[in-house]
Amino acid sequence: MRLIIREDYDEVSNYVANYIKERVNQFAPTAERPFVLGLPTGSSPIGTYNKLVDFCKSGELSFEHVITFNMDEYVGLPKNHPQSYHTFMWSNLFAHLNIKPENVHILDGNAPDLDEECKEFEAKIARVGGIELFLGGIGPDGHIAFNEPGSSLTSRTRVKTLAYETIIANARFFDGDIGKVPKLALTVGVATVMDAREVVVTITGAHKAIALAKCIEEGVNHMWTVSAIQMHPKGLIVCDEDSTLELHVKTVKYFKSIEHVHQALIGTENLSLQGGVKQIRPTVFNQRPMNHPYE
Amino acid sequence: MAVRPQTDTEGKIVKIINARVLLNHKLTENSYLWFKDSKIIDPQELFFQDHKEPDMVIDAENAIVAPGYLDIQINGAFGIDFADENLPVEDIARNKDVVAKGLLQFGCTSFCPTLVSSAPQVYHKVLPHLRKRLGSVENGAEILGVHIEGPFLNPEKKGAHNEEVLQCAERGMESFDDTYGPALKRDDSIAILTVAPEVKGVLECIPTLAKRGICISMGHSTASVTEAELGVRAGATCITHLFNAMPAFHHRDAGICGLLGSTTLPIPKSQKQHPIPSQSSPSPTNPDPRPFYGLICDGIHVHPNSVRIAYHSHPKGLVLVTDALSSMGLPPGCYHLGDYEVEVNAQNVAYVKGTKTLAGSNITIDRCVQNFRKFTKCSTVEAIEAATLHPAQVLGIEKTKGTLNAGSDADILFLNDDLEIQRVFVRGEEVDLKVN
């Protein structure tokens, strides 16, 4: 797992947006081989989405051959409700991109048969060849998508009852009235996310600090479902300084040193986008080496 | 004024990009507006349900995108006077086309042809040819219905109207029906009726007239503030050109102008045809009981300071009108308005010939909006709403006119920061501004 630590929300958003841009452009998607992207909602990705919109408007990133799958949607909320995830994705992202409407997939919380809807969603993902990169956030209770504590780590897309903590967290979008927050949602499963070829999780804010600590410093546990990322071969967490507050100092220093070593000894010319190293920079032996691992 | 070739939007889904759209009482940078088949549409539904993309994209280049202007008091233009009874019938129909088409270049996409006080035979002759009509590039601006200004007015405040045709409603509703003819009972003709509430027989008829779906506006009157309030209680919802053709505001008897300071009018039960509440409303959460008021914002009929005072006392009730007469759009000279001869001087001010009585204005609605913003230092949104949302509310048609909400008619203006007209769309069709 890679952990990239940046100063604040804006730097994290910029890093992730740039990363996605580079990944898509390197992939060079076509109609036969589209780039399949998994997308979240909430306050975490808004900065990233704004930046992606800027890239699309400036021509640096095209969504023509990008297919998207959203993580979740409330059950029972009309699609054009101001708080539905359809509305969120439209106003924050899709309205500004050159993405084709038929390439966008969001679970339908008003489907006549919710189980069928979930199964069909999984089938659609399989039909396009699986997800290349799944972007996600984390809840204060360590959940990914709406996979609340206690969700099976091998779960797939299904209906979930929201945990009390999640309902409280979402009440701010429903006039602060927890009675107005929907109690059920359709969500991709933990395994659905982890089946993606790469998983990128953004974590910002001091209120997410405990969740981050539980998910990367402790065991893989269904009470903190993001911890499943520990089993993923290509996991990337991008977080801000505040969210590292509950991590061990050693953990934080280690991951920061990795970036430092990359810069000093390896150099960006030898580094691949996903962290692969070609070779280290040629060094002259009598040159003073790095004295300290965390220099 | 930048000029664009006419774009063919028929049957297409059109997306306007890079626009500062006026929506929900604010201008949002970098936003979009979608329309199809003469109506503004909600793109979210188009995207998720219909999986459709736009057929045509129009780059607004950061222009302000606003609803088309509505002018609810305009007596004529380009040499044409709507109340001219001496014309043959074919000319009446053709004249209204000339005016309707000519108004588009000023951003006016809907209007109420206004008739000054005339003898009954004029109404009987002219009204059948001035029915409501949808707007288009071929038809010109939409005709929302006629604004009949008189003849049940107070001779003391006749302004440029011919005193000989003014009358009282001796026989109540019969007087009204006989004067205007069958058009008064149809709902495809008359939008607004200006009356003086203190004239004999008028007050009792206001409720019946209002029930017929006609907006009752008070003007050319010497009503005291009490008489004016009775008019509002009876069903009058608007004031005709505030300050003009009424006694000047007096601190002890405020007259019709005093309605702007009223706190005792009954709170309306529904929002329909009442101003939305503002900070100066009697109740901050209920519809405002004070009427709307037209204001001629040419800087001549009303001093800029007076505009500002009126605006700040009742911001959500102000409706910009031109009260333009037949000489609008023409160079200085002599023209006629109803039975009167009118002279336009070099400063573009129109007086009844040989007197100092103002005789209607030469201003266009887009200049009214620019002046209004300058006089009151209000926001761009408030200036535009005074010529779009508020007149639509007066007529109770704000679901289809006066806003850019989904479901409204696609009457769209592109304006620059000086509020000059750049492009005009009437019900989705673009107007070729080069051709007048």
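Student: What should I know before I start reading?

Tutor: This is a predicted model, in which local features need pLDDT of at least 70, side-chain atom pairs count only at pLDDT 80 or more, and totals for chains, interfaces and linings use all residues. Residues are numbered from 1 along each chain as its sequence is written, chains are lettered from A and ligands numbered from 1 in the order in which they are written, and side-chain values use heavy atoms, with hydrogens and water left out.

Student: What is the mean pLDDT of chain B?

Tutor: pLDDT is the predictor's confidence in each residue, from 0 to 100. For chain B the mean is 91, and 97% of its residues reach 70 or more. Over residues 1–5 of chain B, however, the pLDDT is below 50, and this stretch has 8 contacts (heavy atoms within 4.5 Å) beyond near neighbours in sequence. Where pLDDT is low, the predicted coordinates should not be read in detail. For the complex, the predictor gives an ipTM of 0.83 and a pTM of 0.86.

Student: How many residues does each chain bring to the contact between chain A and chain B?

Tutor: Chain A brings 15 residues and chain B brings 12 residues. Buried area is the accessible area (1.4 Å probe) that two parts lose on being put together, summed over both; chain A and chain B bury about 1300 Å² between them, with 62% of it on carbon and sulfur atoms.

Student: How many salt bridges are there between chain A and chain B?

Tutor: A salt bridge is a side-chain nitrogen of Lys or Arg within 4 Å of a carboxyl oxygen of Asp or Glu, and between chain A and chain B the count is 0.

Student: Which domains does chain B have?

Tutor: Domain bounds come from an automatic or database domain assignment, which here gives domain 1 (13–67 + 404–430) and domain 2 (69–395) of chain B. Their C-alpha centres lie 30 Å apart, and the contact takes 22 residues from domain 1 of chain B and 24 residues from domain 2 of chain B.

Student: How much area do these two domains of chain B bury between them?

Tutor: Domain 1 and domain 2 of chain B bury about 1800 Å² between them, 66% of it on carbon and sulfur atoms. Of the area that domain 1 of chain B buries against domain 2 of chain B, His25(B), Leu419(B) and Val426(B) supply 32%, more than any other three residues. Between these two domains, the count of salt bridges is 0.
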